[in-house]
Amino acid sequence: MTSKRAMWILLAAIVLLVVAGGVAFYIPYQRERAALEEFERIGVRVSSSSGGFWNTDSNDYGSIAVNFGGPQWLRNRVGDRWMQPFDRVSSVGLHHRARGWHSEGWHAELPADQEPFDAEILKLVQEMRREFPQMPNESKSRILPLLLQLRSIDWLSIDDDLLSDDQLSEIRARFPDIKIYIRHGDELINREWSPPAD
């Protein structure tokens, strides 16, 4: 009788462990999915990494690249939708204006004989960027909470007026291995961010 009871207790313990593990995995995934959907609502494009991080559409305030996770053979059998819990965010790029310098919108207007980072071209792009619509303040205030809901970020590229140094430090604390790049004002080149000295 006691061996039968011990077997039921062991079986119940195993079921509880499996359920607890599933919940511990599922809740962060659901939070991340909700954050990605909110990013899309405020104008940040979310795509698989195969789509390319720099292919920002003209109305986007940035781009989030998601890498496929889990075994490929399983993805082939069940499809991308069922494998989403195993996918991970690799990179996030956020801009205070729609259409960053890498957008397709300005390429057609550049002189064909000029190198991409010629000084005149940089000036032209900076002037064009000033014409693009700015991200609404309400959307800017949502950036930090949404970033902190993600399960992973390898690198973040962001305009300097979207997050403060304290907020960036909070992101670095949440994702210790993250690389953070900042674009100041109308500069076109991002610079690696480091916390200010105390």
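Mentor: Start with a term: buried means under 20% relative accessible area, exposed means over 50%, and partly exposed lies in between, with a 1.4 Å probe and protein chains only. By that rule R75 and D87 are both buried.

Trainee: What kind of model is this, and how are residues numbered?

Mentor: This is a predicted model, in which local features need pLDDT of at least 70, side-chain atom pairs count only at pLDDT 80 or more, and totals for chains, interfaces and linings use all residues. Residues are numbered from 1 along each chain as its sequence is written, and side-chain values use heavy atoms, leaving out hydrogens and water.

Trainee: Why is E38 called buried?

Mentor: E38 has 18% relative accessibility, so E38 counts as buried.

Trainee: Why does R41 count as exposed?

Mentor: The relative accessibility of R41 is 59%, and therefore R41 counts as exposed.

Trainee: What makes E38 and R41 a salt bridge?

Mentor: The term asks for a side-chain nitrogen of Lys or Arg within 4 Å of a carboxyl oxygen of Asp or Glu. In the pair E38 and R41 the closest N and O atoms are 2.9 Å apart, and the pair forms a salt bridge. Both residues lie in helix α1, three residues apart, about one turn of the helix. An α-helix has 3.6 residues a turn, so residues three or four places apart point the same way.

Trainee: What makes α1 a helix, and what is its span?

Mentor: Helices are DSSP runs of H or I with at least four residues, strands are runs of E with at least two, and both are numbered from the N terminus. Helix α1 covers residues 2-41, which is 40 residues. The expected span is 1.5 Å times one less than the number of residues. From first C-alpha to last, α1 reaches 58 Å, close to the 58 Å expected.

Trainee: Which residues of α1 are buried, and what covers them?

Mentor: Among the buried residues of α1 are Y29, L36 and F39. Their cover includes β1 (45-48), β2 (62-67), β3 (88-94) and α5 (137-149), where contact means heavy atoms within 4.5 Å.

Trainee: How many salt bridges does a search of the whole structure find?

Mentor: The search finds six. One of them joins D159 and R183, with the closest N and O atoms 3.0 Å apart. This pair links distant parts of the chain, D159 in strand β4 (residues 155-159) and R183 in strand β5 (residues 179-183), 24 residues apart. Both D159 and R183 are buried.
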